Amino acid sequence: MKKLASALTILILGTGLLYAHHGWTGYDETKPLNFTGVIKDSGYENPHGFVNLEVNKQIWHVVLAPPLRMESRGLPKEKLKAGTTATVVGYQNNQVKDELRAERITIEGKTTELR
């Protein structure tokens, strides 16, 4: 019984750490934002890809999905090149006001769900 309790404790703590890693609680999911702008630069590495998107002379750091997920859903690294126009829908970070966690991104008329 003691081993079962220890295993459950580890499972619960591990799940909490995984959730904390993503930090999704740090984003305001009550107010989705929708922006179209120009990609200034991007990253396609783990744990999450990103684009820095210029919207009305402001740069937004947009957190995307992990590269494997983006690739499997038809969003290869080449689509995130600087100069490309993109539309993102997502949630603003509560602490970092110029950061957005994207739910979806549209490039060249193709929308990719990121969650």
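V62 touches G49, F50, V51, L53, V88, L100 and A102, leaving out residues up to four places away in sequence. Touching, or contact, here means heavy atoms within 4.5 Å. V62 is also listed among the residues with the most contacts inside the largest nonpolar core, together with L64, L80, I105 and L114. That core has 20 residues. By nonpolar core I mean a set of buried Ala, Val, Leu, Ile, Met, Phe, Trp, Tyr and Cys residues joined through side-chain atoms within 4.5 Å. Buried is under 20% relative accessible area, exposed is over 50%, and partly exposed is in between, with a 1.4 Å probe and protein chains only.

Before going on, what kind of model this is. It is a predicted model, in which local features need pLDDT of at least 70 and side-chain atom pairs count only at pLDDT 80 or more, while totals for chains, interfaces and linings use all residues. Residues are numbered from 1 along each chain as its sequence is written, and side-chain values use heavy atoms, with hydrogens and water left out.

Two or more residues each come from strand 1 (33-43), strand 2, strand 3 (58-63), strand 4 (85-92) and strand 5 (99-107). Which of these gives the largest share? Strand 5 does, with four residues. Strands are DSSP runs of E of at least two residues, helices are runs of H or I of at least four, and both are numbered from the N terminus.

Now the overall layout. The protein has two helices and six strands, and along the sequence they run α-β-β-β-α-β-β-β. Of the 115 residues, 36% are buried. If we take contacts between residues at least 6 apart in sequence, 53% of them join residues at least 24 apart. The exposed surface comes to about 7,200 Å², with carbon and sulfur atoms supplying 58% of it. Those areas come from the Shrake-Rupley method with a 1.4 Å probe; for residues, only the protein chains shown count as cover.

Next, the aromatics. Rings of Phe, Tyr and Trp, the last by its six-membered ring, pair if their centres lie within 6.5 Å; planes under 30 degrees apart are stacked, over 60 edge-to-face, and the rest tilted. How many pairs does that rule give? One aromatic pair. F35 and W60 form it, 4.7 Å centre to centre with 40° between the planes, and the pair is tilted. Because F35 lies in strand 1 and W60 in strand 3, the pair ties together parts that are 25 residues apart in sequence. F35 is buried at 17% relative accessibility, and W60 is buried at 7%.

There is also a charge over a ring. The charged end of R101 sits over the ring of Y27, 5.6 Å from its centre. The rule asks for NZ of Lys or CZ of Arg within 6 Å of the ring centre and within 35 degrees of the ring normal.

N93 is in the loop between strand 4 and strand 5. Is N93 buried or exposed? N93 has a relative accessible area of 10%, so it counts as buried. Beyond four places in sequence, N93 is in contact with G26, Y27 and E99. The N93 side chain also reaches the backbone nitrogen of Q95 at 2.6 Å, and one of its polar atoms lies 3.0 Å from the backbone nitrogen of V96.

E54 is in strand 2 (residues 50-55) and is partly exposed, at 27% relative accessibility. Its side chain makes a polar contact of 3.2 Å with that of K40. A polar contact is a pair of N or O atoms within 3.5 Å; within protein, one must be able to donate a hydrogen and the other to accept it, and residues adjacent in sequence count only if both atoms are side-chain atoms. Setting aside neighbours within four places, E54 is in contact with K40, G37, V38 and I59.

Last, some backbone details. In the loop between strand 2 and strand 3 is N56, which has a positive phi of about 50° although it is not a glycine. K57 is in the loop between strand 2 and strand 3, and its phi is near 65°, again positive in a residue other than glycine. N56 is exposed at 75% relative accessible area, and K57 is exposed at 79%. Finally, the peptide bond from N46 to P47 is cis, with omega near 10°; P47 is in the loop between strand 1 and strand 2.
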